[in-house]
Amino acid sequence: MRMSDLLSARIIALIDLFFGDTGKGHIVDWLIWLFEKLGDPVDIVVSPFGGPNAGHQFEVSGIKYTFSQIPSVVNPEIVRVCGNGKVINPIKLVAEMERLESAGINFDKLYISDKATIILPHYEIIDELLEIVRSANGEAIGTTKSAIGPTYGFRAMRVALEMKELLRLEEFQKKLEEAAWLPERMIFSLRSAIIRKYPDLESKILEIRVPDLDSVYNKYREAAGILSPRLIDSGKFLRDECDKGKRILIEPTQGAGLNNWHGTYPYVTGTGTGQGAMLEGTGLGRIDCRIGITKAYATRVGAGPFPSEIDEDDLFSQLIRERGQEYGTVSGRPRRIGHRDLTYEKHVCRANDVNAHIVTKADILDGLPQIRACVKYLHRGRITYEVPSDLDKHTVAWYRVFGGFMHKTSPQNYSDIHPNCRSFLEFGEDFLGRDLLAVSFSPERDGVVLKE
Ligand code: IMP
């Protein structure tokens, strides 16, 4: 796919090719800026799924911005939509708006789907209790404890509340009581069961209390006052805007490996993360083009298989973590570090019909003696070029090795990029069979170099 094809696409989706944290917020910001320069601007950015587990960081003119539940847009002219597939913590959303407003971001054009699911504090407690049990069994997922899995789970059980309930405050207290009934019982049962099975945990567990419903009601009612005017039927809104020919950018949260259906289950998030989930999570009927986003190296936060992971004590791992500031945006946890995994990326490109891709953070590899990329796995005694559906901690990555590179100044054009770096990038392009659109050498917009 060439730039001209990208320009003619009206609905563009980003697809995170690995385990999240590939720089999607930075690329959304850059694409908005690029389309603006090209005279055919982005009209709407929509976030289709996920919730406060996400954290998108990028820089504009030296100022660092962190978005979580809201699409990563600083330009007030662009409409931001939190789609129906999202799980929303109203209190955290209001706090995020206030934090960003004080940094100068205007939210006049922020809309939230009335069909998005409300996160209750009870769900956060269940997330925490389940992690305590898994941890005691040596199987912690390392969730962000933002209640993502439980909220999607309660929705699937049809006992959760949609955001539209915030519009009917006279009935909200009763709805809240009904919705809290099951999670309250679960919290009581889980607490007693954990104490019976793990008596050592008793004091820790007894500190975890069932939320007081009156206080939850009062806080959510306050948040409703701020959020209600923004609640819309976002599916209809997006389809209508699409019919008018508006340019829509879909900014997903999380990455392909965390896809609840296709990722490394159970070490995944609570929702799908691919293009299917983007259609469901926005209500749009089509996506014109899918751009894969990946880093020049790999990271993962939380537990689960990661074949190209580098040992925690390895100097390479420590160097990359510090240089790339690879710490979880939400949890602050150090991210696990590895080599770029082209085998995994190719699998994701095929599963999502990715048209082209962008590589971020290439500058972080500057000065390393050699660079690696995983091109196949050794899995259960056999070499495979595919991602096995039972990929696990015993799966071993096999690499192609490239010469290192060092840029004296940040490349402005593709031809300024060191030949070894270009070999690494172009090998990836051939391997994935998807055009390389651009490479990023800094968190700022002008650090992104177009290939064409
Ligand atoms: P949850 O989404 O909080 O349930 O966490 C499930 C898994 O997904 C954990 O391993 C998290 O570390 C990981 N995860 C969730 N959100 C993100 C993200 O935005 N970036 C990277 N990893 C994430």
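**The cavities and their linings**

Mentor: The largest cavity holds about 50 Å³ of space. The model is a predicted one, and two cavities of 30 Å³ or more are counted in it.

The lining of the largest cavity is made up of Phe 18, Gly 20, Thr 22, Thr 294, Lys 295, Tyr 297, Ala 298, Thr 299, Arg 340, Asp 341 and Glu 345. Two or more of these residues come from each of strand S10 (289-295), strand S11 (297-300) and strand S12 (336-341). Strand S11 supplies the largest share, with three residues. By class, the lining of the largest cavity comprises three nonpolar, four polar and four charged residues.

The second largest cavity contains about 30 Å³ of space. Around the second largest cavity stand Ala 296, Tyr 297, Phe 316, Gly 338, His 339, Arg 340, Leu 365, Ile 371 and Arg 372. Here the elements that contribute two or more residues are S12 and strand S14 (370-379). The largest share of this lining, three residues, is given by S12. Its residues divide into five nonpolar, two polar and two charged.

The two linings may also be read side by side.

Definitions and conventions
Residues are numbered from 1 along each chain as its sequence is written. This is a predicted model: local features need pLDDT of at least 70, side-chain atom pairs count only at pLDDT 80 or more; totals for chains, interfaces and linings use all residues. Side-chain values use heavy atoms; hydrogens and water are left out. On a 1 Å grid over the protein atoms alone, a cavity is a set of points where a 1.4 Å probe fits but cannot get out, and a pocket is an open set with protein on both sides within 12 Å along at least five of seven lines; lining residues have an atom within 4 Å of a point. Grid points are joined across faces, edges and corners, and a volume is the space filled by probe spheres set on the points. Helices (H or I, at least four residues) and strands (E, at least two) are DSSP runs, numbered from the N terminus. Ala, Val, Leu, Ile, Met, Phe, Trp, Tyr, Cys and Pro count as nonpolar, Asp, Glu, Lys and Arg as charged, and the others, Gly among them, as polar.
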